[in-house]
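Here is my note on the structure you sent. Please keep the sequence and the 3D view open while you read.

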Amino acid sequence: MKIFVLIFTLFISSHSIAQNAADAIKGKWISLPNEGLLINVYKVHDVYKGKIKWARDKEAAKVGFLIIDDLVYDEESQSWENGKIYDPKGGAYSASAKINDEGILVVRAYKGIKFLGTDKFFKRVK
């Protein structure tokens, strides 16, 4: 019985640690280098989405616009994969995201081939 309780406790705690890692992307992020776009990343069921909360250029980006959609956390690579990023001016791209060692959110936007894409950088704000 003690073994069962120990295994169950380890399973629950490992699931909790993985969930905390997955939720690390949640919160408000401001674009770098010009800090012209603030997005809020949140979770709906098991996917992560991001909406524009503020934009310096109100004509180019609308507040409330869903800019990041359907990112799913991949525990093995410690990244969010298989999502979409939308250009407020039109167009959709495949997307992945990762938080680097400096705490910067790196969102990769690409069409077809991931390594030919472009990176967008965000830093966390309170």
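This is a predicted model: local features need pLDDT of at least 70, side-chain atom pairs count only at pLDDT 80 or more; totals for chains, interfaces and linings use all residues.

The points below go from the whole chain to single residues.

1. **Elements.** The chain has one helix and eight strands. Follow the sequence and the order is α-β-β-β-β-β-β-β-β.

2. **The barrel.** Eight strands form a closed barrel. Their order is E1-E2-E3-E4-E5-E6-E7-E8, and the pairing is antiparallel. From one strand to the next, the twist averages 30°.

3. **E2 and E3.** Strand E2 covers residues 37-44, and strand E3 covers residues 47-55. The two are antiparallel and share eight bridges.

4. **The hairpin between them.** How many residues lie between the strands in the hairpin of E2 and E3? There are two. In this hairpin, His45 has a positive phi near 60°.

5. **E3 and E4.** E3 also pairs with strand E4, residues 66-74. These strands run antiparallel, and three bridges join them. Gly50 has Ile68 in E4 as its bridge partner.

6. **E5 and E6.** Strand E5 spans residues 79-86, and strand E6 spans residues 92-99. Five bridges hold this antiparallel pair. Find Tyr86: its bridge partner in E6 is Ala92.

7. **Burial and contacts.** The chain has 126 residues, and 31% of them count as buried. Now take the contacts between residues at least 6 apart in sequence. Of these, 28% join residues at least 24 apart.

8. **Surface.** The accessible surface of the chain is about 8200 Å². Carbon and sulfur atoms account for 60% of that surface.

9. **A nonpolar patch.** Which residues make the nonpolar surface patch of about 370 Å²? They are Ile113, Phe115 and Leu116. Phe115 lies in the loop between strand E7 (104-110) and strand E8 (118-125).

10. **Phe115: buried or exposed?** Its relative accessible area is 67%. The cut-off for exposed is over 50%. Phe115 therefore counts as exposed.

Technical notes:
Residues are numbered from 1 along each chain as its sequence is written. Side-chain values use heavy atoms; hydrogens and water are left out. Two strands pair if DSSP finds at least two bridges between them. Helices (H or I, at least four residues) and strands (E, at least two) are DSSP runs, numbered from the N terminus. Axes are lines fitted to C-alpha atoms, for helices over the stretch in contact, and angles run from 0 to 180 degrees between N-to-C directions. Buried means under 20% relative accessible area, exposed over 50%, partly exposed in between (1.4 Å probe, protein chains only). Contact means heavy atoms within 4.5 Å. Accessible areas come from the Shrake-Rupley method with a 1.4 Å probe; for residues, only the protein chains shown count as cover. Patches are made of residues with over 30% relative accessible area and no salt bridge: like charges are joined within 9 Å, nonpolar side chains (Val, Leu, Ile, Met, Phe, Trp, Tyr) within 5 Å. A salt bridge is a side-chain nitrogen of Lys or Arg within 4 Å of a carboxyl oxygen of Asp or Glu.
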